[in-house]
Amino acid sequence: MESKSWLYPAPAYRPLESFWDTDEDAPCPRCGHTLTAVAATKTNGPRLILFGGATAIEGGNGGAPGIRLAGVTNSVHSYDVLTRKWTRLRPAGEPPSPRAAHTAAAVGTMVVFQGGIGPAGHSTDDLYVLDMSDNKYKWHRVVVQGQGPGPRYGHVMDLVAQRYLVTVSGNDGRRMLSDAWALDTAQKPYVWQRLNPEGDRPSARMYATGCARSDGMFLLCGGRDASGAPLSDAYGLLMHRSGMWEWTLAPGVAPSPRYQQASVFVGARLHVTGGVVKGGRTVDSDAAVTVLDTAAGVWLDRHGLVTNKGNRGQSDVDPSSETMRRCRHAAASVGIRIYVYGGLRGDTLLDDFLAADNSQFQSDYIPPDRPLTASTPRLERGVFVAPSYMSSTPVDGLESPLSGSLGMDKSSMEKLAKASAAEAEVANAMWQSVQAASAFPEEATVSDGNSQSVETTSEGSDSDADVHLHPKAVVVAKEAVGNLGGMLRQLSLDQFDHESRRAIPLSSDLPTPTKKIVRQQSPQGLHKKVISTLLRPQNWKPPVNRKFFLDSYEIGELCYAAEQIFMNEPTVLQLKAPVKVFGDLHGQFGDLMRLFDEYGFPSTAGDITYIDYLFLGDYVDRGQHSLETIILLLALKIEYPENVHLIRGNHEAADINALFGFRIECIERMGESDGLWAWTRINQLFNYLPLAALIEKKIICMHGGIGRSINSIEQIEKLERPITMDAGSIVLMDLLWSDPTENDSVQGLRPNPRGPGLVTFGPDRVTEFCKRNKLQLIIRAHECVMDGFERFAQGQLITLFSATNYCGTANNAGAILVVGRGLVIVPKLIHPLPPPVQSPETSPERVADEAWMQELNIQRPPTPTRGRPQPEFDRNSLAYI
């Protein structure tokens, strides 16, 4: 059997020991129930909620077992992942009727139930919500207006893009169904919308499974058709940014057709267990434990890749697979662990509780006395890779992976794919100008004396603590709108599905002649006017007519005052912890306000008295409000010169921002004459910005990276300002333009997709640089990463990106890093805002902003997000959906 080294077999399941105080707390044998993972709260760890199902059976037609409806229950049990303890819950309020074959989905700290069948027949299509916020358990019945899916059972439902409840297929008592419905949890009054998706639609079916991937794709798998035949197909459903939904047939060969199976996503891998074939016979052992790798578009079983002929060459019977021969069971995942409870095997109800880890390092056999463990995973080619440098911790201590980032649709992917050639041309022009200015390689001039610079750079740190990343990141829930969401939570770093998914950023062009500005005294209080106008984290709104509130004279005065401060600062800033570090903002002023609102802002009313702010460049271009972003940061620098710090990014150059939006924005919002003058003056100020920052002499912060030429901090310190990009050196180009390689396995120096002459540097370069300079961490920006931050080189480098949904297409989260006094680094995230719920008539300013962004990025779209499929890759991959 042929296989690929990075496609790992389906995992082995084993019994998991759990506890309870009384017999009533123990979940009894059952089938047709649901098991739903709920995120951790301030007072509780992650939990699994078991609801409903049948607790007794009787013989069915043809000897096949059937469910005796008198045994159907509406009991609720909670499993605490941290303590491994079951508890019977008795929520207040009116509970849903006893039911089985229903659906459930988690929305924040709530679980939503719908449909099913019980002793009285079909349950209503009402939505019942189990609210567990504030450690108080209560049932609510959600009022939904208009027509809905109607009573049905054997259907599927999940929360898509952390916003839309999507339900598909099932049986209404008269026929099999193939319809799809969506309910927007962020918009009241709640209304079910019947979808009319484009593409290849799945046939009518029941007893399928439906799961939402963390990037927003809903996957329908298997089921039973109207003739009773099991199905083996899988379909992906995704909502485009235009609001259109589309079905796409998933590639790959399923090990077996089936229905009444259980499935759950971990990263890009859909774990499918159990199920039955025609006649109610359970699937064979070889097909009882399978994985659909949606990134690779292939199915895998316990032996590896499934081919058209299956993997029948393996003669050994896997005890784990034999254990999973069951149906009507339920599955959920927390972190990289998959949990399975109960089900039906023949005429026997099951009450066993099993678990497996989505890890390629897991052996075929796990001793019963050895707990399943996992390191911090990252996603490579759709498969979780646990880096060896992280110490293993029990997976039961992980939290629920209910964050993740929204996905890109096909049209967005095509737009992103057009960018490489255009931006490579710009980067090439910049590289040629630098080469012309550098007659001799920079490496030859700086190699001597590096060791001395190391000693003088690293000595004298006031902190003896080692730098380390906190095991949890603070996340603002993506569903933070409407009554079904809105919370701040902590997630284990193990939950970030999109690590190693970077968007290769942007580039530059030929130099533009600048205008000589006469320096004048800055009017007292001008920066305070800016701060009072713009620093409104909770209630800032973009100007309706987009006219900027300062004139060119005021911008010139503000630039002069800030410039005087930058001129007196060193090229490499020396900072003390605590520091709050921001990555690329790219004119997305709304995201800056959201970060300020959620995690503190630089004001005496905020947290400026005890923490510094460091911004890593790329303040302008691409976004809608570059002027607001850079002007507010300059005003804050003037107000708090010792606490607010700005360093330079590759977009802080006239050659770049003339092409990627800032120049156009200045002209559009200030008029041609004033706009050009302001744009020129701001770019003159950019030439004075510091180029790096050193925190406690242990953490170096820069915009791009170390490239091929930077071996010591002293090389950066020797760069004299003011400095323009074209008049700079290879050191400056590397500092502002270079990137890490694709992952830790790619060593050394490689060509950079941004363009000729630019490089990517491997983890070996990072290790060497940190060791030589006695550093413990590099923090850099410059690349869009799907979770807002990404680790590289075994944690010695972190990429940081603070703008969400970059260019309106990437659907990435934004993040900041908080470096504490003990040098513990805590990532803090925000997710992209959902699409606007207002109509164009009721939200003219939003429409204007959208038009501005579209016009801005049509001609020069951003480069494709790394970790996403590239044009030359297999387009049959589900990742293209």
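Reply: Let us begin with charges and rings. A charge sits over a ring if NZ of Lys or CZ of Arg is within 6 Å of the ring centre and within 35 degrees of the ring normal. Arg328 lies over the face of Tyr207, at 5.2 Å from the ring centre. Likewise, the charged end of Arg663 is placed over the ring of Trp679, 5.5 Å from its centre.

Me: On what basis are such values given?

Reply: The model is predicted, so local features need pLDDT of at least 70 and side-chain atom pairs count only at pLDDT 80 or more, while totals for chains, interfaces and linings use all residues. Residues are numbered from 1 along each chain as its sequence is written, and side-chain values use heavy atoms, with hydrogens and water left out.

Me: How many aromatic pairs does a search of the whole structure find?

Reply: A pair of aromatic rings is described by the distance of the centres and the angle of the planes. Rings of Phe, Tyr and Trp (its six-membered ring) pair if their centres lie within 6.5 Å; planes under 30 degrees apart are stacked, over 60 edge-to-face, and the rest tilted. The search finds 22 such pairs. The ring centres of Phe582 and Phe596 are 5.9 Å apart with planes at 80°, so this pair is edge-to-face. Phe582 belongs to strand β42 (residues 579-582) and Phe596 to helix α9 (residues 589-599), so the pair ties together parts 14 residues apart in sequence. Helices (H or I, at least four residues) and strands (E, at least two) are DSSP runs, numbered from the N terminus.

Me: Are Phe582 and Phe596 buried or exposed?

Reply: Buried means under 20% relative accessible area, exposed over 50%, and partly exposed in between (1.4 Å probe, protein chains only). Both Phe582 and Phe596 are buried.

Me: How many salt bridges does the structure hold?

Reply: A salt bridge is a side-chain nitrogen of Lys or Arg within 4 Å of a carboxyl oxygen of Asp or Glu. The structure holds 26 of them. In one, Asp184 and Arg163 meet at 2.6 Å, N to O. Asp184 is in strand β18 (residues 176-184), and Arg163 is in the loop between β16 (156-160) and β17 (164-171), 21 residues apart. Asp184 counts as buried at 13% relative accessibility, and Arg163 is buried at 4%.

Me: Which residues are linked in a network of salt bridges?

Reply: Asp739, Arg754, Arg780 and Glu783 are joined in such a network.
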